[in-house]
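Work through the exercises below with the sequence and the 3D view side by side. Each task is followed by a solution in steps.

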Amino acid sequence: MQTFFDALKNAKTEEDVKHVYATHFGVEYVTSDRHDLYTPRVLFEFKYDKHFDSIKSLAQVLAQTLYYVRKLKYSRQPKIDNCVDKPIPPTLCLADRSKAVITETITWKPFYDNENYDWDLAPSIPDPVLVDDLAHSPLAKQLHIYHLAQRTDFNAFDELLRKRLDPQQTFGIADKKIITEENFEEVYEYWNNIFGDAVRDGFKTSRYFVSDIQEGNTWFEKD
């Protein structure tokens, strides 16, 4: 804990905070990505010192993160957005130098699926209506804010985030991407690379893919 917290205290920028987290939790990242830190399990959004105890500040960061979630779901420009081959992570982690929040992505589906917000704005300047709606949402007010300087909070946060990052663990329900004629081939290739070998039983893998992308046709079995 102390090494992690000391590194955060010595951070001078938002990028430093991201590096501390990536190092501590063993997450590799590409600096060219348009979001802070991505894994198929967790999407991170980092700030330097955002005062998460303020519901307005927390809503601002959450709104920015939902812009990235929406882009992962609806991206139709694979060569531009670099999102088409990335599934929507089931977990969001918002963090700065001293505090952090972990929440399930699907919780915020009524917001990032809402067409009434202005999604053409830059994520760093999210629609103020979205920010206000989040700030007044009981869901946002119920979020637990982990104070990382407190040993009990840090230990709980560290354990939970490691579980959420573990590909062998299953948590919550992952939302599915929207597939269009522009991104169909890229999405299929991504799916085939992951599941193709597991479903080669005489049928074309594309049949399983089509079944998987249909609503209600896929169930997950826990070991």
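A charge sits over a ring if NZ of Lys or CZ of Arg is within 6 Å of the ring centre and within 35 degrees of the ring normal. The model is predicted, so local features need pLDDT of at least 70 and side-chain atom pairs count only at pLDDT 80 or more, while totals for chains, interfaces and linings use all residues. Residues are numbered from 1 along each chain as its sequence is written, and side-chain values use heavy atoms, with hydrogens and water left out.

**Exercise 1.** Find the distance from the charged end of R70 to the ring centre of Y74.

Solution. The charged end of R70 sits over the Y74 ring, 4.6 Å from its centre. K86 can be treated in the same way: K86 lies over the face of Y38, at 5.0 Å from the ring centre.

**Exercise 2.** Describe the salt bridge between D113 and K73 and state which parts of the chain it ties together.

Solution. Step 1: a salt bridge is a side-chain nitrogen of Lys or Arg within 4 Å of a carboxyl oxygen of Asp or Glu. The count by this rule is 13 salt bridges. Step 2: between D113 and K73 the N to O distance is 3.0 Å. D113 lies in the loop between α5 (109–112) and α6 (128–135) and K73 in helix α3 (residues 55–74), so the pair ties together parts 40 residues apart in sequence. Helices (H or I, at least four residues) and strands (E, at least two) are DSSP runs, numbered from the N terminus. Step 3: K109 also forms a salt bridge with D113, at 2.9 Å from N to O. Salt bridges that share partners join K73, K109, D113 and D175 into one network.

**Exercise 3.** Is K73 buried or exposed?

Solution. Buried means under 20% relative accessible area, exposed over 50%, and partly exposed in between (1.4 Å probe, protein chains only). K73 has 4% relative accessibility and counts as buried.

**Exercise 4.** Classify the aromatic pair of F25 and F157.

Solution. Step 1: rings of Phe, Tyr and Trp (its six-membered ring) pair if their centres lie within 6.5 Å; planes under 30 degrees apart count as stacked, over 60 as edge-to-face and the rest as tilted. By this rule there are twelve aromatic pairs. Step 2: F25 and F157 are 6.2 Å apart, centre to centre, with 90° between the planes, and the pair is edge-to-face. Step 3: F25 is in helix α2 (residues 14–25) and F157 in helix α8, 132 residues apart. F25 is buried at 9% relative accessible area, and F157 is buried at 0%.
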